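Reader: Hi! I'm new to reading structures, could you walk me through this one?
Author: Happy to, let's take a look together.

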Amino acid sequence: MNFEDIERVAVLGAGNMGHGITEVAALAGYDVAMRDIEEDLVRDGYEQIEWSLGKLAEKGQISDEEAEATKERIDAVVDLEEAVADADVVIEAVPERMDIKKDVYGDLEAYAPDEAIFATNTSSLSITELSEVTERPEQFCGMHFFNPPVRMQLVEIITGAHTSEETLAAIEQLAEAFDKSPVRVRKDSPGFIVNRVLVPQMNEACWLVHDDVATVGEVDATTKFDMGLPMGAFELGDQVGHDVTLHVLEYLHEVLGEAYEPCPLLAEQVDSGDLGKKTGAGFYDYENGGVDIPADAGRDDVAERLLAVMANEVGKLVEKDVAPVSDIDEAMQLGAGYPEGPGKRADDHGLASLVERLESVHEETGAARYEVSDGLREAAAAGGFYGDDEEGETVEFDQLVVETDGAVGQIQLDRPARMNTITVDMLDELDAALDEFDDDDQIRTVLLEGAGDRAFSAGFDAASAAPGSGLEAAEMSRKGQRVFGRLEEVGMPVVAAIDGYCLGGGMELATAADMRIAGESARFGQPEHNLGLLPGWGGTQRLKHIVGEGRAKEIIFTARNDYEPETMFDYGFVNEVVSPDEFDDRKWDLARDLAAGPPIAQKLTKRAMLAGRDDTDAGLEYEASAFGQLFTTDDVWEGLAAFQQDREPEFEGE
């Protein structure tokens, strides 16, 4: 089955995951049959979809017409044969038990077309074992969505021992058609990527409390405020449900051994019936105050131990070739909301100290979970998961000029003869430049511009690396999306100074900046539709958040390359239009003004805005947590003192 042949999808299961996947597929334009074993279950699932589509329309994310059209594409049925008889892809989302899933596939095989692909939404069970109860193991793979599927971006695409490359390619492209970001899991390994890293960390949080090393409040303060994770470890456990976490751990323990022994504290929580938010109580009481995490109770030793456990799991995944570290980090950012991946964070901390921490705790406790993996040892010996960059060597930049001026880090696209068109090598250099600035505590603002006076960037240089296949093109798209996305994620303001042409991929790069100033000679546009393409480095997503969906569609659909800066100012894309004789001074004045601001507050503001981009409630929660965290910083007291003394504040980022 090729991706182009997929027209109808069947989803087995109408629970939280099943109806969520159904909604995602129908929103993407596919006809979908949603099936469950009882009429009540199917009806409840469909009503949840109606509610969700109503919310999306209410928030302006889709139109009322799109909501109605989506519902019309969904058939809610009980009869299995009716659901799958003409399905091109069957996505199974039944309860997470091997025996139940095997029974489903036994029945499914009798009714599904021979060419149909089977994809299981399991979060941890063996893809190979499930595939072997079917007559089409080569057409079987994992397609693990994250909850809730409508909001969560990540889909893990998991290969079984028998899965064909054709099947994996089709399902990856289907995930992209669903407007998701697929990450491939190269080997059928329990827990895949996200759960394999996340669940042991949650288990370790329980062990810290069980062994009287730390309190629940100290662990959650550390994870939420000091480590910057979206939730405290116990807060997350309450949200997920401790029965779910325990089930995954029991499976990991059964298959992988003693290193994954569930903490008795977790088992006690499940035995008591206090499963978390869904039962009204877990480690927090949701009927009497809810989550209350002390912002100032974090501990460095707790942070290092939790990071060491995560790094050890990353080492195991890399060692077994389950996924490269870059994919692991991407999956953890997309699927678990981590501000940066555990591999990158472990490298920044120093792998040698993490190895030492694990060895020390292993010697003290004898517990198998602290045995240092060969993968972590090898990465430590190599200087990090991403290689040794601690020799003080300067990265060689051929297509960029990377300089610092006080607290401003300047990145100049340096291909003026080619109108600063972007190559794959330039993406790598931009990634490295952001690494340098991220590691330099003195850099407070990034100034991004193009060399010469003809162009900021006229787009992608297709002649430099024309992709040879659709899969290669998709990978190149993902790479650009990730690198440009770092401008949004980096913990400091990014200013794009635009003079001359800013087109295609160049405009997508500028879109990822926090602020944009333009000279009067600047010209903007997304001309990809003239080539039969679409903006592939984030342009279909980021632009609409700045100018609104209607304006974004106008810019992309008309494919013009002559939008003037005054028009883009009116649209809200450009913050300032500057005359030629003022342009150079103004870009530096703005960058230096931003560099003088409070760095911690700036970083947390960017993260709060990003968290709330598609989910206002999540953004508000992050905002409240960040507001509390900032009141523990020296910068706040410096700002208050400066205000009272009528002077300019001198923020130190502390």
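This is a predicted model: local features need pLDDT of at least 70, side-chain atom pairs count only at pLDDT 80 or more; totals for chains, interfaces and linings use all residues.

Reader: Can you show me one? Which residue forms a salt bridge with Glu313?
Author: That would be Arg196, with the closest N and O atoms 3.2 Å apart.

Reader: What about Arg369, which residue does its side chain meet in a salt bridge?
Author: Glu204, at 3.4 Å from N to O. Arg369 lies in the loop between α16 (351-365) and α17 (374-381), while Glu204 is in helix α8, so this pair ties together parts that are 165 residues apart in sequence.

Reader: Why does Arg369 count as buried?
Author: Because its relative accessibility is 13%, and buried means under 20%. Glu204 is buried too, with a relative accessible area of 1%.

Reader: Got it. Next one: where is Glu564, and where is Arg523?
Author: Glu564 is in the loop between α22 (549-558) and α23 (565-570), and Arg523 is in strand β16 (residues 523-525). They are 41 residues apart, and they form a salt bridge whose closest N and O atoms are 4.0 Å apart.

Reader: Why do they count as partly exposed?
Author: Glu564 has 39% relative accessibility and Arg523 has 24%.

Reader: Which residues are linked in a network of salt bridges?
Author: Asp431, Asp435, Asp438, Arg482 and Arg486 are joined that way.

Reader: Nice! Switching topic: where is Ser131 found?
Author: Ser131 is in helix α6, which covers residues 127-131.

Reader: Is Ser131 buried or exposed?
Author: Buried, because its relative accessible area is 2%, and the cut-off for buried is under 20%.

Reader: Leaving aside neighbours within four places in sequence, what is Ser131 in contact with?
Author: Pro137, Phe140 and His162 are its contacts once those neighbours are set aside.

Technical notes
Residues are numbered from 1 along each chain as its sequence is written. Side-chain values use heavy atoms; hydrogens and water are left out. Helices (H or I, at least four residues) and strands (E, at least two) are DSSP runs, numbered from the N terminus. Buried means under 20% relative accessible area, exposed over 50%, partly exposed in between (1.4 Å probe, protein chains only). Contact means heavy atoms within 4.5 Å.
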